[in-house]
Amino acid sequence: MKRLLFLAHRWLGIVLCLFMMLWFFSGVVMMYVGYPKLTQQEHLQHLPKLSGDCCLPAQAVLAALPPGESAQGLRLTSTGHGPVYIVTLEKNRFVALDARTGAVLPAVDKTVALKSAALFAPNQPLQYRDLMVEDAWTHSRALDGHRPLHRIEAGGQGETLVYVSGKTGEVVRDASLTERRWNWVGAWLHWLYPLRGGSLNGWWTAIVVYSSLAATLLSALGLWIGVLRWRRRCYNNGSHSPYRTQVGRWHHWSGLIFGVLVVTWILSGLMSMNPWRIFDSSTARPVRQALQMAVASLDSAAQLACLQRNGFTAVELVWTRLGDAGFVLARNARGESRLQPESRCDPMVRHDFSALETAGAALLPAASVKSATIQEMYDWHYYTRDEHTMSGHLERPLPVLRLQFDDAAGTWLYLDPHSGNVVHRSDRPGRVKRVLFALLHSWDWAPLLANRPLWDVLMVLGSLGGFMVSLTGALLGWRRLVRCAC
């Protein structure tokens, strides 16, 4: 039996050590340069201000939707078409309507895409590249409702790639030259994206899951074998390790020192894929409130005029609901917001917490609220990360209202008083994943994240150790293959 385990470790290592080397090296790159994304602030900062006389009332626009379609969300923003209403439909679909005429806009063409890019990257030379479905920097399900995408170069010499939605005309992603160069040896390798987009695209998830599972087994076997083969008393070669070659001893010692870390990092990487949907919750998700826009006494033009009179210059309006009341969430180019009731001119910075609690409790009608807490500091479950990281684009405002429910999944909802939106949802499976992935993989622990030099040193040293284990394993495997070939 022991012989079979030794052989399993050897041949798994020959196949997987190169993958593990790539994972450890690319992981260090990802600590500083993440996969391209478009943040909320980037989206807002170059949008033109909305003029009070720009637009038809929102109700007239919703009435122009195709029969059978119901609005799940509504925004007034600007693209290359000018001011547009963007309606979110079911199944992550979008439709854009001209805010001045109410007409449903056709598919975005090259001219409109270039105008949208000019809003996003003002005073920069633009070069239209092509219309495409997906490339190395747009592997994201969040973009599926916007495909195909117009790809445009901004700044000359490919300095920045700007991606414009083929459905709405909005800029939905940007990728700088620095991001793209580093990502070839960063996220693109780490997530095995060379396998995306080609004949293996349908197998990508399975390849990542089962290669990670095999690498976890390889690492655990190696750690167990390393402990078995270490002796307190020296072998005949004068070492506590039985291996005669320097590479063999390095592999043994580095495995003993970094083996536990290697196992936890590979295992936690596997957990990021939610393998076999083990972190899915069996309980109902929060009820999504239908938009159901009532006829309001203030139309869009009046909303904008009201905000302007109160000293707030909006570049985007979002229609929202809190309980039975309708609101317009206005945002300016700096990302600041105001809430404007539909029925009167009374802009406010945020909702009352008691009203927020009442509305939040209705989101899970089959459960009751156990506790409601106004949270003004980040904690173990609710925290923010740097912009370039995987979760860095997610809004994590403070303060938030945390509602803890008594449902079977132990659901917690975090509601932002500035918008009334649920900005984070946590349940027992999600909190387990928070430990098995976020904590073990990227060491998302407040004392470390607050002391970045210490976090960086520990992460880089651990990655170098894992790289050494993988490199020496690859060298040993190569030598074994050469001997077998002879």
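This is a predicted model: local features need pLDDT of at least 70, side-chain atom pairs count only at pLDDT 80 or more; totals for chains, interfaces and linings use all residues.
Local features are described where pLDDT is at least 70 and side-chain atom pairs where it is 80 or more, while totals for chains, interfaces and linings use all residues. Numbering starts from 1 along each chain as its sequence is written, and side-chain values use heavy atoms, leaving out hydrogens and water.

**Overall picture**

The chain has 13 helices and 14 strands, which are DSSP runs numbered from the N terminus (H or I of at least four residues for helices, E of at least two for strands). Along the principal axes, its C-alpha atoms fill a box of roughly 90 × 55 × 40 Å. Of the 486 residues, 49% are buried, meaning under 20% relative accessible area with a 1.4 Å probe and protein chains only (exposed is over 50%, partly exposed in between). Among contacts (heavy atoms within 4.5 Å) with a separation of 6 or more, 62% join residues 24 or more positions apart.

**The cores**

A nonpolar core here is a set of buried Ala, Val, Leu, Ile, Met, Phe, Trp, Tyr and Cys residues joined through side-chain atoms within 4.5 Å. The largest one holds 34 residues, and M20, W137, Y163, I266 and W443 touch the most other members. Elements giving two or more residues to this core include α1 (2-30), β6 (160-165), α7 (204-229), α8 (246-271) and α13 (452-485). Apart from it lies another core of 24 residues, among them A58, L62, L307 and A314.

Take a look at Y163: not counting residues up to four places away in sequence, Y163 touches partners including M132, W137, L149, R151 and V172.

**Two helix pairs**

Helix α8 packs against both α7 and α11 (428-442). Axes are lines fitted to C-alpha atoms, for helices over the stretch in contact, and angles between N-to-C directions run from 0 to 180 degrees.

| Pair | Angle | Axis distance |
|---|---|---|
| α8 and α11 | about 130° | 8 Å |
| α7 and α8 | roughly 155° | within 9 Å |

Angles under 35 degrees count as roughly parallel, over 145 as roughly antiparallel, 65 to 115 as roughly perpendicular and the rest as oblique. The helices α8 and α11 are therefore oblique to each other. Their contact is made by T264, W265, S268, G269 and M271 of α8 with K433, L436, F437, L440 and H441 of α11. By contrast, α7 and α8 are therefore roughly antiparallel. Residues of α7 such as V209, L213 and L223 belong to a contact that also includes L256, V263 and I266 of α8.

**Backbone details**

Most residues other than glycine have a negative phi, and most peptide bonds are trans. The one from R147 to P148 is cis, with omega near 0°, and P148 sits in the loop between β4 (126-132) and β5 (149-154). The bond from L398 to P399 is also cis, with omega near -5°, and P399 lies in the loop between β11 and β12.

L192, in the loop between α6 and α7, has a positive phi of about 55° although it is not a glycine. L192 counts as buried, at 7% relative accessibility. W443 likewise has a positive phi of about 55°, and W443 is found in the loop between α11 and α12 (446-449).
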